[in-house]
Structure formats: C-alpha cells, structure tokens
Amino acid sequence: MAVGTRRRDAEFTEFVVSRRVRLHRTAYLMCGDPHRAEDIVQQALAKLYVSWPRVRRAESVDAYARRSVLNAFLDDGARSSRREVAAEIEDRAQPDRLSHEDADALWDALRELPPGQRRVVVLRHYWGLSVEETAADLGISTGTVKSQTAAALTRLRGALVPADVTGENR
C-alpha cells in the first residue's frame, strides 16, 4: 500500500470515527429506523470515501458529509417509497433532559411530520444550520425552509404541548 493511500485511509478513518455517531443520528432522525439509518450512513460513507481526496480539501467536510447522508436518504426513499417504517423504534437516543415518556412523545411527533418538514427540523435544530445553509443543503428556497420550519414547529407544539397549557381546556 502506498504512503499516500495509507495517509488517505488514516484521514478518512479519523473523520469517520469522529463524525459517525452524528451522521447516524441525522439519518435516524430523518427515517425513524435505526437499521435503515445504518444503511444510509454506509452508503453515504462509501461515496464519501471515493471522493475523499477532493472532499478533504473542501471548505466544509462536515457539510459535504451531511449532504451525502441527506442524498443517500432521499435515494433510499425513492427506491423504497412503499416500504413501511417499523412502528416501534428500539434503539432511541434519548435527550438528556427528557423523561422516557417525553422522549417517546417527541419521537412519535417527529415521526408524524411530513418528510420535508422533518428534514428541515433535523438540519435547523439538530445540526444548528442557518436558514440559508439548510436551503442550500436541501436545494430549496429560504422561504420554503422558513415555511416548513414554521409548519413543523406548529405541528410539534400541537402534538407535544398539553391542552391545558394551550388554553383548549379552559
């Protein structure tokens, strides 16, 4: 194995070790199935490895990897649009400050969002991207990002906020 190839493999391995969990979580948040998320990440990382010499010189390797996961998710969804996602998700990553019941409610509410809204929520609120960065990653306008975010947050509030807090039981 040539020195350049070993260095390339070492750099790529270091990147994967440091980012794999976050990439998997991103795929999982988009599809709701840990096994499908694993397949999506594997597909994205395989393509990323092939492009690694060019990618590692890019302005943002993280953005490229994130878009690779997003594209793999969209490709997977196009191939299997009729496949049903498992109703119960076993390996849930639980936010630190939520009770088990609240985490279940959050996962259920996220799973009920339409795919476009779920993608926007994941990129804006999990990755912390700006409206412009989210629009660029998804190939949509900033106005669409804003409207999808607003609609998603409204749906999530409706699903998660108790009725007595919203004033419906008064």
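In the predicted model, the chain contains nine helices and zero strands. The chain has 170 residues, of which 35% are buried. Its accessible surface amounts to about 10200 Å², and carbon and sulfur atoms account for 51% of that area. Of the contacts between residues at least 6 apart in sequence, 63% join residues at least 24 apart.

Helix α1, spanning residues 3-31, packs against helix α6, spanning residues 115-126, at an angle of about 145°. The axes of α1 and α6 lie 9 Å apart, and the crossing of α1 with α6 is right-handed. On the α1 side, the contact involves Arg22, Arg25, Thr26, Leu29 and Met30. These residues meet Arg118, Arg119, Val122, Leu123 and Tyr126 of α6. By class, the contact of α1 with α6 comprises five nonpolar, one polar and four charged residues.

Helix α6 also packs against α8, here at an angle of about 95° and with an axis separation of 9 Å. Because angles of 65 to 115 degrees count as roughly perpendicular, α6 is assigned to that class relative to α8. The α6 residues in this contact are Gly116, Gln117, Val120, Val121, Arg124 and His125. Their counterparts in α8 are Val145, Gln148, Thr149, Ala151, Ala152, Leu153 and Arg155. The contact of α6 with α8 has six nonpolar, five polar and two charged residues.

Helix α7 contributes Val131, Glu132, Thr134 and Ala135 to the contact, while α8 contributes Thr142, Val145 and Lys146. By class, three nonpolar, two polar and two charged residues make up the contact of α7 with α8.

Helix α6 meets α1 through residues including Arg118 and Val122, and meets α8 through residues including Val120 and Arg124. In helix α8, Val145 takes part in the contact with α7 and also in the contact with α6.

Technical notes. Residues are numbered from 1 along each chain as its sequence is written. This is a predicted model: local features need pLDDT of at least 70, side-chain atom pairs count only at pLDDT 80 or more; totals for chains, interfaces and linings use all residues. Side-chain values use heavy atoms; hydrogens and water are left out. Helices (H or I, at least four residues) and strands (E, at least two) are DSSP runs, numbered from the N terminus. Buried means under 20% relative accessible area, exposed over 50%, partly exposed in between (1.4 Å probe, protein chains only). Contact means heavy atoms within 4.5 Å. Accessible areas come from the Shrake-Rupley method with a 1.4 Å probe; for residues, only the protein chains shown count as cover. Axes are lines fitted to C-alpha atoms, for helices over the stretch in contact, and angles run from 0 to 180 degrees between N-to-C directions. A crossing is left-handed if the near helix is turned anticlockwise from the far one by less than a right angle, and right-handed if clockwise. Ala, Val, Leu, Ile, Met, Phe, Trp, Tyr, Cys and Pro count as nonpolar, Asp, Glu, Lys and Arg as charged, and the others, Gly among them, as polar. Angles under 35 degrees count as roughly parallel, over 145 as roughly antiparallel, 65 to 115 as roughly perpendicular and the rest as oblique.
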